[in-house]
Amino acid sequence: MKLMKQLLAMATIAFATAAQAAPAVEAPDVLVKRISQDVIDTAKNDKAIQAGDIKRVTELVESKILPYVDFQRMTALAAGRHWRDATPDQQKQLAAEFRTLLIYTYSGALSQIKNETVEFKPLRADPSDTEVEVRSQVNVARGEPVPLNYRVAKTPSGWKIYDINVLGAWLVETYKSSFASEISKGGVDGLIKTLSAKNKALASRPAAKAK
């Protein structure tokens, strides 16, 4: 579970340190590769991140991640059919709480990134495709390489990631059952309340120390 959180951290923050003006014609795999390397280098060299400073990671995510990750689509997929029944305000709150949960849950794991490298597979897509899967593997110091794939969609504002696969499990599917369970008990408002409570608990925990 620790390794999965670490890898998800790398993937979730993979768009955090991108340049403000990415080339308009940049291919999705080139984009992911460039930014992933930036993130690994940043995580290794940023003393605050290595010390487990959640505030530092959050600042990076809030300032850089939004242009590259479609949290609303990610949340809609995780909520399934219940998303269509939610009001626009509920959808906005749910997406915001889910985004915050992902940041808090995996930001601490960034401090554990030491010698990992990422190797990308050839992109299997046609130039006309608007949704592609970017495949890669994380090479760790000990153990077998770990598959790490991204689902990326082309939008009017550029390519955006909307799902991540680690060790054969898609992030959206991982949360789908728990979302459905919470909604069945308390509706969409109940899910929002549960996520909010988790986020408050995560926000109040001490920062993890680098080991």
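Reader: Leaving aside neighbours within four places in sequence, which residues is T75 in contact with?
Author: This is a predicted model, so local features need pLDDT of at least 70 and side-chain atom pairs count only at pLDDT 80 or more, while totals for chains, interfaces and linings use all residues. Residues are numbered from 1 along each chain as its sequence is written, and side-chain values use heavy atoms, with hydrogens and water left out. Contact means heavy atoms within 4.5 Å. On that basis, with the close sequence neighbours set aside, T75 contacts W83, L94, A95 and F98.

Reader: Is T75 buried or exposed?
Author: T75 sits in helix α5, residues 71-79. Helices are DSSP runs of H or I with at least four residues, strands are runs of E with at least two, and both are numbered from the N terminus. Buried means under 20% relative accessible area, exposed over 50%, and partly exposed in between, with a 1.4 Å probe and protein chains only. T75 has a relative accessible area of 0%, so the label is buried.

Reader: R73 is in helix α5 too. Which residues does R73 touch, not counting those up to four places away in sequence?
Author: R73 is partly exposed, at 27% relative accessibility. R73 and K160 lie 87 residues apart in sequence, yet their C-alpha atoms are 9.9 Å apart. Once residues up to four places away are excluded, R73 touches E131, A153 and Y162.

Reader: Which residues have the most contacts inside the largest nonpolar core?
Author: A nonpolar core is a set of buried Ala, Val, Leu, Ile, Met, Phe, Trp, Tyr and Cys residues joined through side-chain atoms within 4.5 Å. The largest one here has 46 residues. Helix α8 gives the most to this core, with 10 residues. Those with the most contacts inside the core are M74, F98, Y150 and Y175.

Reader: What is the bridge partner of V132 in β3?
Author: β2 (residues 131-139) and β3 (residues 146-155) pair in the antiparallel sense over 8 bridges. They form a hairpin with 6 residues between them, and G143 in the turn has a positive phi of about 100°. Q137 stands opposite P147. The partner of V132 is V152.

Reader: Which residue in β4 does Y150 stand opposite?
Author: β3 and β4 (residues 158-166) pair in the antiparallel sense over 8 bridges. Their hairpin has 2 residues between the strands. Opposite Y150 stands I164.

Reader: Buried residues make up what share of the protein?
Author: The protein has 8 helices and 5 strands. The count covers 211 residues, and the buried share is 47%.

Terms used. Pairing = 2+ DSSP bridges.
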